[in-house]
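Here is a report for a reader who is new to this structure. Please look at the sequence and the model first.

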Amino acid sequence: MSYSNEQIIFDFKTQSDVEKWYQTNDDVMGGISNSKMTLDEKGNGVFSGTVSTENNGGFAMTRLPLNIDLNANASKIILYVKGDAKEYQLRIKSERSQRFWYIQTFKASKKMEAIELPLKDFYPSFRGRKLNLENFSSNTIKEI
């Protein structure tokens, strides 16, 4: 599927270096969840792991630092994903030094699909709490 004026943020088929992706799990606060990013035999990026709520844990995340200048008419992020029918969050930062993320939730079904997330619907959140700030309106993305 191709869209006019699209900007590719990351394509595992052409940018196969999964070492650029960093994992952050709840072990940073005593939890026991774990995760990793790998490539499958078809060249797809695979984020996998185990999330546990033991020891007050309950999250696993993979992050990618970027330097994306969005087109003036950019209105959405399109994810091509296949999952396990659970809910996930895509988080973006407009500045690397931000301590909060702009978040949007989606469900990753068990079949490959394109999920469209409007940029204007990414809301600011810090440690699970919605912040009293405007939704995403930047022309840059520095991390996903």
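## Aromatic pairs

Six aromatic pairs are counted in this predicted model. Rings of Phe, Tyr and Trp (its six-membered ring) pair if their centres lie within 6.5 Å; planes under 30 degrees apart count as stacked, over 60 as edge-to-face and the rest as tilted. Phe10 and Phe12 are both buried. Buried means under 20% relative accessible area, exposed over 50%, and partly exposed in between (1.4 Å probe, protein chains only). Phe10, Phe12 and Trp21 form one aromatic cluster.

Tyr102 and Phe136 have ring centres 5.3 Å apart and planes at 80 degrees, so this pair is edge-to-face. Tyr102 lies in strand 8, and Phe136 lies in the loop between strand 11 (129–130) and strand 12 (140–143), so the pair ties together parts that are 34 residues apart in sequence. Helices (H or I, at least four residues) and strands (E, at least two) are DSSP runs, numbered from the N terminus. Tyr102 is buried, and Phe136 is too.

## How the model is read

Residues are numbered from 1 along each chain as its sequence is written. The model is predicted, so local features need pLDDT of at least 70 and side-chain atom pairs count only at pLDDT 80 or more, while totals for chains, interfaces and linings use all residues; side-chain values use heavy atoms, with hydrogens and water left out.

## The nonpolar core

Which residues touch the most other members of the largest nonpolar core? They are Ile77, Leu79, Ile92, Phe106, Phe122, Phe136 and Ile141, out of 25 residues in that core. A nonpolar core is a set of buried Ala, Val, Leu, Ile, Met, Phe, Trp, Tyr and Cys residues joined through side-chain atoms within 4.5 Å. In soluble globular proteins, nonpolar side chains tend to be buried together.

Leaving out residues up to four places away in sequence, Phe136 touches Leu70, Ile92, Ser94, Tyr102, Leu119, Lys120, Phe122 and Ile141. Contact means heavy atoms within 4.5 Å.

## Strand pairing

Strand 2 (residues 34–39) and strand 3 (residues 45–50) pair in the antiparallel sense over six bridges. Two strands pair if DSSP finds at least two bridges between them. Leu39 has Gly45 in strand 3 as its bridge partner. The two strands form a hairpin with five residues between them, and Gly43 in the turn has a positive phi of about 85 degrees.

An open sheet of four strands runs in the order 7-8-10-11, with antiparallel pairing. Strand 7 and strand 11 stand at the edges, each with a single partner strand, so one side of each has no neighbour in the sheet. Strand 10 (residues 123–126) pairs with strand 11 in the antiparallel sense over two bridges. Phe126 has Arg129 in strand 11 as its bridge partner.

## Charged side chains

There are three salt bridges. A salt bridge is a side-chain nitrogen of Lys or Arg within 4 Å of a carboxyl oxygen of Asp or Glu. Arg63 and Glu143 meet in one of 2.6 Å, N to O. This pair links distant parts of the chain: Arg63 is in strand 4 (residues 60–63) and Glu143 in strand 12, 80 residues apart. Arg63 is partly exposed at 23% relative accessible area, whereas Glu143 is buried at 5%.

Glu116 and Lys76 meet at 3.1 Å, N to O. Glu116 is in strand 9 and Lys76 in strand 6, 40 residues apart. Glu116 is partly exposed at 39%, and Lys76 is partly exposed at 36%. Lys120 and Asp121 form a salt bridge of 3.2 Å, N to O. Lys120 is exposed at 57%, while Asp121 is partly exposed at 33%.

## Positive phi in a loop

Most residues other than glycine have a negative phi. Asn55 has a positive phi, near 55 degrees, and Asn56 has one near 60 degrees. Asn55 lies in the loop between strand 3 and strand 4, and Asn56 has its place in that loop too. Asn55 is partly exposed at 47%, whereas Asn56 is exposed at 68%.
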